Amino acid sequence: MFDELLLSKDARTSLQAFLDKPAHAVLLTGQRGIGLSTIANVLAKELLGSKNLENEQYFRLLAPEKGTIPIESVRGLQSFFALTVPGNAVVKRVVVLDDADTLSTEAQNALLKTLEEPPQGSVLVLVSHDSKRLLATIRSRTTELAVTTPSKRQIADWFVVKGYAPTDIERAHLMTEGSIRQMEAILSGESNADIDTVRAVLAGNTYDRLLHIDAMAKDKEAANAFVDNLVRVATVSLERAAAQNPATLPRWQAVLQAGVTAQDALEKNGNTKLVLTDLMLSL
């Protein structure tokens, strides 16, 4: 099933090695947008020998709710692991924790108890784009598998096979910095809500921009996504301005600088609402 995914050669080899000899827990890490969640689900299917996880009794998916995976969801795994599974399969139960780095410290400690005494026949698949936010004790009790980003040529070839024009692929790659998920959305003509929000913010006045803050301040993942996309839009616009409209260069340089400053502040776990407020006032 991995043949259906866009993977680097190293990532494909590592994933197959894990399937051949699965450990009780694996930590998938990599750049946002390369499809870690999809890879985790395919891995779960392979481990369970299942074609449809939605109807799979012995599969659980834990994903963020309002920006974090609730501790109650982690505690609820105890009853799941207590299920008696018929048959002699090596792997009988699989849990995927998507965006595991959104687990609170308390939730990570609750998960740690499971990792310290792993249930027989069970595999936990943790997905993280920022593994530094996970406790060192969590990371040390998992097999880390770094999913390397495919090369630009490999990405381009992948989309060419799907029927997209090379010039469109190049433009999408530039706009998204190689985010496969976002490239697919752009090339397929799907609405990219994140990019649309950035454009709306840049087109509005200061009051309009400040109206966007409350919704994003409650969800740090949404705030990070917005700032990342703002930086991407500014980077692409700078390159276009240099070639087509030099008079707008100062504007895009200022936007890019404001975006990078906000990225750094969020990375350091600054107050999300304050960071966004400063950003909106700087645009």
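1. Buried means under 20% relative accessible area, exposed means over 50%, and partly exposed lies in between (1.4 Å probe, protein chains only). D130 has 17% relative accessibility, so D130 counts as buried. K132 is exposed, because its relative accessible area is 63%. The two side chains meet in a salt bridge, N to O 3.3 Å. A salt bridge here is a side-chain nitrogen of Lys or Arg within 4 Å of a carboxyl oxygen of Asp or Glu.

2. A note on the basis. This is a predicted model: local features need pLDDT of at least 70, side-chain atom pairs count only at pLDDT 80 or more, and totals for chains, interfaces and linings use all residues. Residues are numbered from 1 along each chain as its sequence is written, and side-chain values use heavy atoms, with hydrogens and water left out.

3. Overall fold. The protein has 15 helices and five strands. Both are DSSP runs numbered from the N terminus: helices are H or I with at least four residues, strands are E with at least two. The C-alpha atoms fill a box of roughly 70 × 45 × 30 Å along the principal axes.

4. Packing. Of the 283 residues, 44% count as buried. Among contacts with a separation of 6 or more, 73% come from residues 24 or more positions apart. Contact means heavy atoms within 4.5 Å.

5. Salt bridges. The whole structure holds eight. One of them joins E221 and R32, with the closest N and O atoms 3.2 Å apart. This pair links distant parts of the chain, 189 residues apart: E221 sits in helix α13 (residues 220–244), R32 in the loop between β1 (25–29) and α2 (36–48). E221 counts as buried because its relative accessibility is 16%. R32, at 35%, counts as partly exposed. Both belong to a network of salt bridges that also includes D99 and R133.

6. A further pair. R141 forms a salt bridge with E116, the closest N and O atoms being 3.8 Å apart. Here 25 residues separate the partners: R141 is in the loop between α6 (136–140) and β5 (143–146), E116 in helix α5 (residues 105–116). R141 is partly exposed at 29% relative accessibility. E116 is also partly exposed, with a relative accessible area of 45%.
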